[in-house]
Amino acid sequence: MSDIKSAGIGQSAEQRKRSRNVGVVYVVLGLVSATIFTNRPGNSGFKLLDDFIFVIPARPFAWALAITLVALGAAQLLRGMGKVTNVVLTVATISFVVGFLTWAASGGSFSLTGMLQDTVTRSVPITMGAIAGIICERSGIINIAIEGQLLGSAFAGSVVGSVLGPWPGVAAAMLMGVALSGILAVFAIRYRVDQVIVGFAINFLALGLTSFLASRVLTKNPQYNLVKPFSPYRVPLLSEIPVIGVVLFTQTLFVYVSLAAVAVTTWALFRTRWGLRTRAIGEYPKAAGTLGVDVIKLRYRNLLIAGAAAGFGGAWWPIGTVGRFDQNITSGRGFIALAAVIFGRWHPVGALSAALVFAFAEALQLKLSNLNTGIPSEFLLMAPYLVTLVVVAGFVGRSRAPRAAGQIYEAQ
Amino acid sequence: MKSLRMTLLALLSAMVVGGVIIVLSDIDSLRDGDFATAFGAVFSAYRALFVGSFGSLRAISSTINSTVPLMLCGVSVSIAFKAGLFNIGATGQMLAGGMAALWVGFSMNGPGIIQVPLAILAGAVGGALFGAIAGVLKARTGAHEVITTIMLNNMAAFMVLWLLKTNLFQRSDRTDPISKLVDPAGRLPRLFGFLNGREDLLAHSGFVVALLAVGVFWWFLHRTTMGFEFRVLGLNSDAAQYAGMRTKRLTVLAMLFAGAFAGMAGASEVTGTYGYASQNFAGNIGFDAIAIALLGRSSPLGTAFAAVLFGALQAGGRQMQANTDVPISLIVVLRALIVMFIAAPLLVKAIWRVKADTGAQSQTFRGWGS
């Protein structure tokens with residue numbers, strides 16, 4: 001059924017509809033720009049370096065943006081963009097965000113570089129969580145427990161990090177991630193429990209146990225909850241590059257490792273024998289099993305690897321930022337990571353892009369409270385989620401998951 | 001009978017593991033070698049848990065109030081599961097419904113017999129419309145409901161925060177985001193109002209609404225054509241399409257109904273339990289409801305029982321936290337363990353060395369595919 005749909009005429013109708021949706025979105029964004037962004041005169045300063053502020057006149061910029069977006073929308077609606085649709089959409093979205101920032105900052109200035117640096121920092125747990133999700137789902141196991149893995153490993157990282165130091169803390173966090181992933185593996189593979197059920201149970205278990213131990217043990221013994229976080233490491237030479245040096249190369253180890261993890265995972269999934277086998281057991285485990293791949297063993301191994309990745313992401317809270325654990329410190333970031341997996345279409349680079357979008361939204365929330373824009377801050381805080389909703393609806397659309405994800409596999 | 005035995009064994013297993021956690025976390029007593037205190041804490045904690053949930057009329061009343069939103073949201077998640085949709089958005093739908101009910105609750109001053117049903121209806125409509133957004137997006141663009149409902153939850157939270165600061169909703173003498181009070185006539189009537197001198201029994205008739213919701217859910221699922229279509233869609237969307245069912249319309253309706261139930265939960269919290277709305281009156285109920293639906297295997301009766309169990313744990317947990325030094329977060333651990341052990345009958349069988357037919361396992365969620 002679905003094969004016929006994807007090969008036949010249905011697909012092009014679907015594409016036409018999506019193309020139309022995107023066109024409508026451009027026009028709407030253009031109108032927003034014309035009606036709202038033009039209402040504030042003055043110049044907006046973006047502080048890129050300590051001694052360099054990039055100044056944009058707010059009103060003319062908003063008009064230019066509005067006209068461009070409406071024109072793009074008209075072109076999209078009339079004849080479509082063909083192969084460059086996604087590129088145009090990305091550029092248009094970024095321009096709109098710049099337009100928004102210009103409007104929000106008009107009459108003042110704010111540190112763009114600082115915000116971008118903050119964005120990259122905050123993307124770490126989402127990226128690592130998403131990598132864990134991708135490895136699991138590519139192997140055919142739905143991992144809805146990312147939130148629990150992040151939370152549990154943040155706790156382990158804080159406690160062990162307080163007693164033994166930050167490096168053992170990272171190791172403990174990764175071990176905790178592996179352990180929680182192991183529970184998922186044993187229940188999903190050995191006891192053939194519905195993967196979503198056990199995933200959610202792990203989330204509750206991690207939330208309950210860490211909150212329980214935090215209020216029963218850590219409150220009375222604060223010495224177990226005081227880590228010395230890693231300080232940023234300036235990469236020689238690269239960190240001297242203006243703007244990019246600060247954004248990308250003046251970060252903690254967590255950022256470098258998470259970016260490397262994206263590259264390594266991409267390479268491994270699509271260029272190695274392991275990757276081929278992993279994708280095979282995620283798509284059609286029976287066929288892979290028939291050809292001699294040990295499906296069960298590979299799934300166990302991949303889930304444990306994924307656990308280590310999530311554990312590293314969890315260590316970011318105590319050891320990459322605040323130096324302590326608080327109840328429910330992850331506050332739903334694992335679910336955002338899950339959204340990034342789907343948003344990024346089960347591809348590490350896609351997930352990284354999605355993670356950066358969400359992290360940008362977080363960084364923006366902190367900045368917005370300092371800017372006086374005249375409209376209620378709640379609406380500005382809501383905007384990133386609305387943008388995600390619009391982008392997912394108009395742009396990502398129907399994404400295809402690994403076929404066997406969530407299915408119980410019975411060894412022959 | 002066999003499944004009852006497995007359930008009891010699962011509960012027992014969860015309590016045993018929970019007890020171990022209580023002992024191990026009492027590191028001060030263990031360090032001093034004071035095992036009597038460490039083990040005693042287990043018994044006093046479980047005692048308080050039981051006494052606080054079913055030990056007295058007051059405890060039962062408290063259990064009822066904790067159960068109501070869990071049961072309604074549990075039905076919300078279950079009905080979506082039945083149609084093959086994963087509704088993570090019960091929180092947002094609850095907020096939308098609660099605010100709609102609140103508006104009816106404080107802006108009208110008619111007789112309760114009109115106001116109360118109207119408030120519940122407003123809650124259902126508010127929640128339904130909010131839930132339908134995710135359904136429409138899924139049907140029209142294929143945007144996955146897991147993403148859209150998470151985003152909608154966040155948006156609803158900010159929307160409520162904003163609304164609670166507007167002149168329409170904010171209590172006139174307050175500067176913090178807190179709403180006006182619901183008109184006394186518009187409050188859900190107390191269940192034990194007929195007992196004189198027992199003003200402490202706060203259980204409200206939202207419980208009746210919740211039980212009716214479970215009944216309607218059962219009737220819809222098993223006695224209507226559309227309920228049948230929901231089940232087919234949930235089991236195999238290609239088959240539903242092939243059989244000529246209008247799957248897109250069903251998707252929208254499933255999220256609409258799910259939203260309506262969650263919206264009623266919001267309405268019952270606002271007009272029953274609190275009598276006003278604060279920023280996070282929905283709490284974690286939307287997420288707890290997912291566990292409830294999973295535990296009850298999305299069946300009407302299973303969802304209802306799971307909700308009562310979770311509600312009892314909630315009420316008993318408060319008592320436990322007050323009487324002993326075991327924090328209430330223990331109940332989150334217990335809930336997780338119960339879900340895990342009930343979902344894994346093979347494991348329970350292995351632990352207790354019983355032979356029981358565990359029956360066929362059904363899956364609640366069929367992957368991410370459209």
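Begin by selecting α11(B), whose 28 residues should span 40 Å at 1.5 Å a residue, and whose end C-alpha atoms are 39 Å apart, which agrees; the expected span is 1.5 Å times one less than the number of residues. Helices (H or I, at least four residues) and strands (E, at least two) are DSSP runs, numbered from the N terminus. This is a predicted model, in which local features need pLDDT of at least 70 and side-chain atom pairs count only at pLDDT 80 or more, while totals for chains, interfaces and linings use all residues. To find your way, note that residues are numbered from 1 along each chain as its sequence is written, and that chains are lettered from A and ligands numbered from 1 in the order in which they are written.

Staying with α11(B), centre the view on B:S268, where there is a kink of about 25°, the bend being the angle between axes fitted to the seven residues ending at a residue and the seven starting there. Just after this helix, B:G275 takes a positive phi of about 85°. Colouring by burial shows α11(B) to be mostly covered, with 23 of its 28 residues buried; a residue is buried if 20 or more other C-beta atoms, placed from the backbone, lie within 10 Å of its own, exposed if 12 or fewer, and partly exposed in between.

Next select B:L256, which lies in α11(B), residues 247-274, and which counts as partly exposed because it has 19 C-beta neighbours inside 10 Å. Leaving aside neighbours within four places in sequence, B:L256 is in contact with B:A128, B:G131, B:A132 and B:G135, where contact requires C-beta atoms, placed from the backbone, to lie within 7 Å. A distance to B:V339, 83 residues apart from B:L256 along the chain, gives a C-alpha separation of 27 Å.

B:A132 leads on to α6(B), which bends by about 25° at that residue. The 30 residues of α6(B), 112-141, should span 44 Å at 1.5 Å a residue, and the end C-alpha atoms are 43 Å apart, which agrees. Just after α6(B), select B:G142, which takes a positive phi of about 80°.

The C-alpha atoms of B:A14 and B:F39, 25 residues apart along the chain, are separated by 17 Å.

Then bring both chains into view and select their contact, which takes 49 residues from chain A and 46 residues from chain B. On the side of chain A that touches chain B, the elements giving two or more residues are α2 (9-35), α8 (195-218), α14 (333-343) and α16 (377-396) of chain A, and the largest share, 16 residues, comes from α8(A).

Along its principal axes the C-alpha trace of chain A spans about 65 × 60 × 40 Å, and 50% of the 412 residues of chain A count as buried.

Note on methods: Contact = placed C-beta atoms within 7 Å.
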